Amino acid sequence: MMKTKLIYLFFLLGLTFYSAQILDSFPKKQDFYKGGLQELYKDIHSIATEKKLSPCKTKEIYQAKLLLTKDSKIKFITDFDSISIQKNKCAYDFTLEVLKDLKSNDKWLSAKIKDKNFDAIVRLFFVPNHLLDDYKVNYTPFKYYIPVTYKGGVKVMNKDIKDNFMAIFSDYHVNGRLYLEFVVDENGEIINPIVTPMTDNVMFNKDIVRSINRTKGKWNPAVLDGVPVKSRMTVPLNFSIEFYENGEQGN
């Protein structure tokens with residue numbers, strides 16, 4: 001009896017995945033701040049005004065990475081991107097000054113999955129000029145935000161991703177869902193691609209990363225108020241192997 005193995009790949013774009021201890025993104029449809037983003041930025045505006053912070057001379061943007069603990073406390077995660085910090089020094093200093101007060105309020109809401117609280121990563125844009133002289137009621141930076149796009153559109157992206165991965169499918173037997181994580185930087189380049197969770201097969205992990213790198217130069221960066229910004233992407237990859245039996249019975 002002969003078996004023919006067929007391997008299918010189904011993939012979707014998403015922005016959130018759950019790890020065992022720390023959620024790398026906050027769960028969808030959950031607020032991490034009482035009143036949502038509009039209330040958060042209203043409070044940021046109030047803090048900046050009370051502290052008499054100054055707007056920046058040029059349009060600067062800083063994206064802060066925070067750890068929101070399961071006890072509803074926030075901690076600033078140290079940023080080692082010295083080039084970005086220097087380029088946006090005014091916005092960076094503004095952010096740190098605001099966080100001194102913002103971290104002590106009681107409006108932070110921990111991530112919850114099945115009634116269990118988790119530590120989670122929260123990413124926030126700080127645009128000082130928006131939050132001071134140009135502040136408007138119900139402001140959020142996402143009113144000025146255009147997400148990452150793929151040159152040629154979604155159909156071209158889906159085809160390119162599928163074509164790039166099909167070459168390695170016959171070499172590996174993998175069932176279940178994996179996640180490709182990467183950042184599209186201000187120049188549209190892919191940086192820090194990783195596979196989550198890591199499989200035991202080191203070569204498979206490397207081949208998956210190599211495959212996404214073949215889309216280099218095909219991404220348009222996210223834009224906030226006309227300024228290109230880094231944006232984190234997650235591509236879930238769902239591998240499934242199905243077996244069909246064909247053959248002849250012998251006498």
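This is a short walk through one predicted model, stop by stop. Local features here need pLDDT of at least 70, side-chain atom pairs count only at pLDDT 80 or more, and totals for chains, interfaces and linings use all residues. Residues are numbered from 1 along each chain as its sequence is written, and side-chain values use heavy atoms, with hydrogens and water left out.

**Stop 1: helix H1**

Select residues 36–50, which make up helix H1. Helices (H or I, at least four residues) and strands (E, at least two) are DSSP runs, numbered from the N terminus. H1 has 15 residues and reaches 21 Å from its first C-alpha to its last, close to the 21 Å expected at 1.5 Å a residue; the expected span is 1.5 Å times one less than the number of residues.

Now show the side chains. Buried residues of H1 include Leu40, Tyr41, Ile44 and Ile47, along with Asp43 and His45. Buried means under 20% relative accessible area, exposed over 50%, and partly exposed in between (1.4 Å probe, protein chains only). What covers them? Among the covering elements are helix H3 (89–102), strand E6 (116–126) and helix H4 (128–131), with contact meaning heavy atoms within 4.5 Å.

Step past the end of H1 to lysine 52, where phi is positive, near 55°.

**Stop 2: the disulfide**

Pick cysteine 56 and cysteine 90, joined by a disulfide with an S to S distance of 2.1 Å. A disulfide is a pair of cysteine sulfur atoms within 2.5 Å, and a search of the whole structure finds 1. Look along the S-S bond: at -95°, this link is left-handed. Cysteine 56 sits in the loop between H1 and strand E3 (62–68) and cysteine 90 in helix H3, so the pair ties together parts that are 34 residues apart in sequence. Cysteine 56 is buried at 7% relative accessible area, while cysteine 90 is partly exposed at 25%.

**Stop 3: two loops with positive phi**

Go to asparagine 138, in the loop between H4 and strand E7 (145–146). Its phi is near 70°, positive in a residue other than glycine, and its 38% relative accessibility makes it partly exposed.

Then jump to aspartate 225, between strand E12 (222–224) and strand E13 (227–229). Aspartate 225 is not a glycine either, yet has a positive phi of about 55°; at 24% relative accessibility, it counts as partly exposed.

**Last stop: arginine 214**

Finish in the loop between helix H6 (202–213) and strand E11 (219–220), where you'll find arginine 214, partly exposed at 44%.
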